[in-house]
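Look at the model, then read on.

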Amino acid sequence: MLAKVFKDFYTPVYMVFNKIKAVILDRDGVINKKAKKQEYILSKNQFVILPGVKKAIAKLNSKGILVFIVTNQQAIGKKLLTKEEFHKMNSYLNIEISSFGGKIKKIYCCPHLKEENCPYRKPSSGMIFELMKEFNLKPNEIVFIGDSFSDYQSSASAGCKFVFIKSESDELEENINKFKEINANPIAFDTLYQAVRCISN
Ligand SMILES: [Mg+2]
């Protein structure tokens, strides 16, 4: 019985990660603790890396998988967050990850407001298309790991595989309901580390 449960659980995860070359991570809620709804992470001091994240990224790299971040930061467009402060957070993140032997290959960020309808802003797929072009990657070589329905939409429109992280946030239920509305049932984990651990064996 236990073996059957394990097999049912393991098989689809193995298939998702099989032969992939890159993992794209959403940032807030996957890598760092998310701000409250309608609030933003505005400084390095508010940027708290979630448990297991550094280890997870190093583990992906050790399998030869490139790791990217694709993030919407409309706080920049709202002039609440400066680009300098955003880069400070990125530098801090890179240093922390490198201390575990990992590396973020590139961080893609859309600073525009929702109302601007930028083709790069998730749920659109502009950032993923740019990344695929720049690094010569095909959609089926990529797994997108995100904690919101808009990550799923962005990933699905680009043709990538998707893994959902059920990060603790005010929006978790809202996101789950959106998946239910379209009968989507993505593979889901509580944390990035749990997701990545499934491919390390
Ligand atoms: Mg997020």
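## A right-handed unit and the sheet around it

β4, α6 and β5 make a right-handed β-α-β unit. Right-handed means that, with the strands pointing away from the viewer, the path from the first strand over the helix to the second runs clockwise. The names of helices (H or I, at least four residues) and strands (E, at least two) refer to DSSP runs, numbered from the N terminus.

This is a predicted model, in which local features need pLDDT of at least 70, side-chain atom pairs count only at pLDDT 80 or more, and totals for chains, interfaces and linings use all residues. Residues are numbered from 1 along each chain as its sequence is written.

**Confidence.** pLDDT is the predictor's confidence in each residue, from 0 to 100. The chain averages 91, and 90% of the residues score at least 70. Two residues are in contact if their C-beta atoms, placed from the backbone, lie within 7 Å. Where pLDDT is low, the predicted coordinates should not be read in detail.

**The sheet.** Strands of a sheet pair through backbone hydrogen bonds, either parallel or antiparallel. Here 6 strands form an open sheet with parallel pairing, in the order β3-β2-β1-β4-β5-β6. β3 (106-110) and β6 (187-189) stand at the edges with a single partner strand each, so one side of each has no neighbour in the sheet. From one strand to the next, the twist averages 25°.

Two strands count as paired if DSSP finds at least two bridges between them. β1 (residues 22-25) and β4 (residues 142-146) run parallel and are joined by 4 bridges.

| Residue | Stands opposite |
|---|---|
| V23 | V143 in β4 |
| I145 | V163 in β5 |
| I165 | F189 in β6 |

β4 and β5 also pair in the parallel sense, over 4 bridges. For β5 and β6, the parallel pairing has 3 bridges.

**Strand β5.** How many residues of β5 are buried? The count is 5 of its 5. A residue is buried if 20 or more other C-beta atoms lie within 10 Å of its own, exposed if 12 or fewer, and partly exposed in between, with C-beta atoms placed from the backbone. Both faces of β5 are covered. K161, V163 and I165 lie on one side, with F162 and F164 on the other.

**The helices.** Helix α6 (residues 149-158) lies across β4 and β5 (161-165). α6 runs at about 165° to β4. Such angles run from 0 to 180 degrees between N-to-C directions, and the axes are lines fitted to C-alpha atoms, for helices over the stretch in contact. Buried residues in α6 are F149, D151, Y152, S154, S155 and A158. Their cover includes α5, β4, β5 and α7 (172-181). An α-helix has 3.6 residues a turn, so residues three or four places apart point the same way.

Helix α5 (residues 126-134) lies across β1, β2 (66-72) and β3, at about 150° to β3.

β5, α7 and β6 make another right-handed β-α-β unit. Is α7 largely covered or in the open? Of its 10 residues, the number buried is 1, so α7 lies largely in the open.

**Backbone details.** Most residues other than glycine have a negative phi, and most peptide bonds are trans. Several places in this model depart from that. K79 has a positive phi near 60°. K79 sits in the loop between α3 (74-77) and α4 (83-98). With 7 C-beta neighbours inside 10 Å, K79 is exposed. N136 has a positive phi near 55°. N136 belongs to the loop between α5 and β4, and is exposed, with 8 other C-beta atoms within 10 Å. Just after α7, N183 has a positive phi of about 55°.

The peptide bond joining K122 and P123 is cis, with omega about 20°. P123 is in the loop between β3 and α5.

**One more loop.** K36 is in the loop between β1 and α2 (53-62). K36 is exposed, with 9 other C-beta atoms within 10 Å. The C-alpha atoms of K36 and A188 are separated by 22 Å, and the two residues are 152 residues apart along the chain.
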